[in-house]
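Q: Can you walk me through this structure? Keep it short, please.
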2 protein chains.
Amino acid sequence: MKTVAAESALLTEREQLPGPVGFVPTMGYLHEGHLSLVRAARRDCASVVVSIFANPTQFAPDEDLATYPRDIERDKTLLQAENVDLVWIPTEEMMYPAGFQTWVTVENLTKHLEGAHRPTHFQGVTTIVSKLFNAVRPDRAYFGQKDAQQAVVIKQMVRDLNYPIHIEVCPIVREPDGLAMSSRNTYLDQGQRQAALSLSRGLFKAREAFREGLRDAEALRSIVVDRIKEEDLAEIEYVSCAHPEKLTELSGEVDRCLLSLAVYVGDTRLIDNVLLE
Amino acid sequence: MKTVAAESALLTEREQLPGPVGFVPTMGYLHEGHLSLVRAARRDCASVVVSIFANPTQFAPDEDLATYPRDIERDKTLLQAENVDLVWIPTEEMMYPAGFQTWVTVENLTKHLEGAHRPTHFQGVTTIVSKLFNAVRPDRAYFGQKDAQQAVVIKQMVRDLNYPIHIEVCPIVREPDGLAMSSRNTYLDQGQRQAALSLSRGLFKAREAFREGLRDAEALRSIVVDRIKEEDLAEIEYVSCAHPEKLTELSGEVDRCLLSLAVYVGDTRLIDNVLLE
């Protein structure tokens, strides 16, 4: 496994890699969710490239960029164990030098869900993913269903900007008790960790009701809301029942939907979702 | 020379091309200016790709997209004669299908000069060039100095978005009497064609004065303005003396500058420039 920082070094190493090249962009502090993406890339592709970069432009000024957990040495050890070929760890100065002024923006899909509550987030995401795609030139790229809207937005960007890159979206990886894996779970104390279980439990309860025939969007949302409200430490930002591709909020009877949420547990903002179909 | 329309056909043909690959994006109705770019690419690169696409998103609703001159068969004959390897002629429906919603935007550089008078123009340019770059994946791309601001904006986009593509800017090609080559020159009647000479004559007069030691930005602009004002058929939109890379307007004494202009001759909007240094 080679590790590079400078883009010039990345380009040199990239040229040596046999295709198809699979790419997993990450913000580091890797967990089993990231590793499931790496394993999918390893299974599908001749070469696997991983980037580690906590992208500042997808954090708002009041968000947790400064405290976002980092452990590059541990990340490298984990990636080495997965037989990754090339790891790119650029610095903020490399990615956003003085005078930087170019943005990639997906317009409509980013107005909903996370985008409604984090208005500058997706511009940061699509810009950095575009930058990483341009430098790495992968054949396939791997994203997690945990960030459901991100996956939909990236697919739209790839289609609109003619990237010849296949986007693979891999299932959410959860802790044994159901909590969706997230680098931010490390922020939770014991009581918060317990309260955070209400997110997946609420979603699973709604999924169970959907399987038993419940189809009313408001009723599905209410099951989730009611379960989370049992926890004093949890504060709902939104619970949404949306069209899985258009991301527009649904009402009345639904055939398929993305049931998703953002909830604060203490100061920690957690997201989770289930796809019902 | 192969000609393709669908992106899938382009990708297949692209894979067969030996590198380095040179790319010349055009809007068609080719003239000696375009062909000078093709020749530069042919000189530098193992393979040459040309695209022909009159990009609707860089025209404002009141601009001349509908009447923009087209002659694909003549274009293909000209490109064949230059030993081009691959010509991509996508349709509008391919490039902007229903639901298209992703834009590439360069912020600061596009506020000046052309961008000040055509506020949506450069977003269209950078978006289509980004799309073409992603599909063609060239090693080198060729642009004309005629669109001086475009060249500066594309270079910024390439730097900011990590495209591993060298941008080559080639000199303006002029008619024997000095008029800068442009597909839009075909709009001019005989009297307008004569009046249009004032653009290059004004710029050359200022260049002569610069060579003789004149360094005052306002005086340089005035030479151009005064010459163009001699023509009743010409109406100035702007005459600018700007920093060649930052594109900010200059005043007082200048070492180097981009002297540029946009002038209406009848309904035809013409641009031209000289770099003074």
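A: One term before we start: two residues are in contact if their C-beta atoms, placed from the backbone, lie within 7 Å. This is a predicted model, where local features need pLDDT of at least 70, side-chain atom pairs count only at pLDDT 80 or more, and totals for chains, interfaces and linings use all residues. Residues are numbered from 1 along each chain as its sequence is written, while chains are lettered from A and ligands numbered from 1 in the order in which they are written.

Q: OK. What does A:Val50 touch, leaving out residues up to four places away in sequence?
A: A:Val50 touches A:Val24, A:Thr26, A:Val38, A:Leu79, A:Val84 and A:Val87.

Q: Which residues have the most contacts inside the largest nonpolar core?
A: They are A:Val50, A:Leu259, B:Val50 and B:Leu259. That core has 148 residues. A nonpolar core is a set of buried Ala, Val, Leu, Ile, Met, Phe, Trp, Tyr and Cys residues joined through C-beta atoms within 7 Å. Buried means 20 or more other C-beta atoms within 10 Å of the residue's own, with C-beta atoms placed from the backbone.

Q: Switching topic. How is chain A divided?
A: Into domain 1 (2-170) and domain 2 (183-272). The bounds come from an automatic or database domain assignment. The C-alpha centres of the two domains lie 26 Å apart.

Q: How many residues of each are in contact?
A: 12 residues of domain 1 of chain A are in contact with 12 of domain 2. On the domain 1 side, helix H5 (113-117) and helix H7 (148-160) each give two or more residues. Helices (H or I, at least four residues) and strands (E, at least two) are DSSP runs, numbered from the N terminus.

Q: And how many residues of chains A and B are in contact?
A: 24 residues of chain A are in contact with 24 of chain B. S5(A) gives the most to chain A's side, with five residues.

Q: What joins strand S5 of chain A to S5(B)?
A: Five bridges, and the strands run antiparallel. Strands pair if DSSP finds at least two bridges between them. A:Thr102 has B:Val106 as its bridge partner.

Q: Is S5 of chain B mostly covered or uncovered?
A: Mostly covered: four of its five residues are buried.

Notes
Buried ≥ 20, exposed ≤ 12 C-beta atoms within 10 Å, placed from the backbone.
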